[in-house]
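Here is a guided walk through one protein model. Please keep the sequence and the 3D view open side by side as you read.

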Amino acid sequence: MFKNVWAQRRRAVEEELRRALDQTPSLNPTLTEAMQYSLLGGGKRLRPILLMAAADAVNGSGEKFLTTAAAIEMIHTYSLIHDDLPAMDDDDYRRGQLTNHKVFGEAIAILAGDALLTLAFEVMLRQKGVASTVILNVVDEMSRAAGMSGMVGGQAIDLQSEGKAIELETLRRMHMGKTGALFRAAIRSGAILAGASDEKLSALTKYAEAFGLAFQITDDILDVTGDEKTLGKPTGSDARNKKSTYVTLTSLDSARSMAERTVEEATEALKNFGAEADFLRDLVRYLLERNK
């Protein structure tokens, strides 16, 4: 049931992404092709699915917000294009295919990322059936999560930490920005769009923060234990780039224990929700067994 819902919503998100691109005129066909290459090149669609699942947990209205869900996937895809660049993580493969800059060149890849980031906010404003004040709250959530106090700020810490021994707290702060901020924004935005009470929004925020941490810890574990073909990207990149991770700063066993505790915290945050939050419960537990 859990994976069937995920697959169904993943297809819906991909259809919405195609629709959003088709509705947006472009001055340059190569730029459009580069955007399509990364945006429609597969992926778990985890952030848009989390947005819809959070709305479901509030009042069961997740699919009403497919437009905003697609927008957050555009922000995520922009970040992947830029992360893969030679000046950043310098990766050749993403999701089993050549990275954007390997196909279109660095300049077009940078512009494709820029275009996806700006298009995301245009798409958010296309959301129907929601008061303009609510849309503005969501735009505020997303912009903060994507910017210097979130994803970009975390990436800056990451780049400056390469080859250095950093404290576990610095690592936590880095990933709360780089990875966790967009998860937090996805879940909070879904809840806000669905009209969550302050109590439910607070509980879902706690879930989101624990989810983001659990995702990053398990991602660090997969970089050591994962299969390159299954993951669709090279493994061992953290070690090659001399990056601090939850595995390198503790141990593989300690990282696994930390992930288990964090999943329990996420589940506990949903204690006052009923069956409407079962997808969120199943999703965070799935992190402990995922292989990609």
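Predicted model: local features only at pLDDT ≥ 70, side-chain atom pairs only at ≥ 80, totals over all residues.

Residues are numbered from 1 along each chain as its sequence is written, and side-chain values use heavy atoms, with hydrogens and water left out.

Let us begin with a pair of helices. Helices (H or I, at least four residues) and strands (E, at least two) are DSSP runs, numbered from the N terminus. Find helix H7 (residues 132–146) and helix H9 (residues 168–193): their axes come within 9 Å and cross at roughly 175°. Axes here are lines fitted to C-alpha atoms, for helices over the stretch in contact, and angles run from 0 to 180 degrees between N-to-C directions. H7 and H9 are therefore roughly antiparallel to each other. For the wording of angles, under 35 degrees counts as roughly parallel, over 145 as roughly antiparallel, 65 to 115 as roughly perpendicular and the rest as oblique. From H7, the contact (heavy atoms within 4.5 Å) is made by Val 134, Asn 137, Val 138, Glu 141, Met 142 and Ala 145. H9 brings Ala 181, Leu 182, Arg 184, Ala 185, Arg 188, Ser 189, Ile 192 and Leu 193. By class, the residues of this contact are nine nonpolar, two polar and three charged. In this sorting, Ala, Val, Leu, Ile, Met, Phe, Trp, Tyr, Cys and Pro count as nonpolar, Asp, Glu, Lys and Arg as charged, and the others, Gly among them, as polar.

Two further residues can be traced from here. Gly 150 sits in the loop between H7 and helix H8 (151–161). At 2% relative accessibility, Gly 150 counts as buried; the term means under 20% relative accessible area, with exposed over 50% and partly exposed in between (1.4 Å probe, protein chains only). Leaving aside neighbours within four places in sequence, Gly 150 is in contact with Arg 144, Ala 145, Gly 177, Lys 178 and Ala 181. Gly 150 and Leu 182 are 32 residues apart in sequence, with 7.7 Å between their C-alpha atoms. The second residue, Thr 205, belongs to helix H10 (residues 198–225) and is buried, at a relative accessible area of 7%. Not counting residues up to four places away in sequence, Thr 205 touches Arg 184 and Arg 188.

Helix H1 (residues 2–22) packs with helix H15 (residues 278–286) at an angle of about 95°, their axes 10 Å apart. H1 and H15 are therefore roughly perpendicular to each other. Phe 2, Lys 3, Val 5 and Trp 6 of H1 meet Phe 279, Asp 282, Leu 283 and Tyr 286 of H15. This contact divides into six nonpolar, no polar and two charged residues. Phe 279 also turns up beside Ala 53: apart from neighbours within four places in sequence, Ala 53 is in contact with Arg 9, Phe 279 and Leu 280. Ala 53 lies in helix H3 (residues 46–59) and is buried, at 2% relative accessibility.

Finally, look at the backbone. Most residues other than glycine have a negative phi. Arg 95 is placed in the loop between S1 and S2 and is partly exposed, at 24% relative accessibility. Asp 90 likewise has a positive phi of about 55°. Asp 90 lies in the loop between H4 and strand S1 (93–94) and, at 43% relative accessibility, counts as partly exposed.
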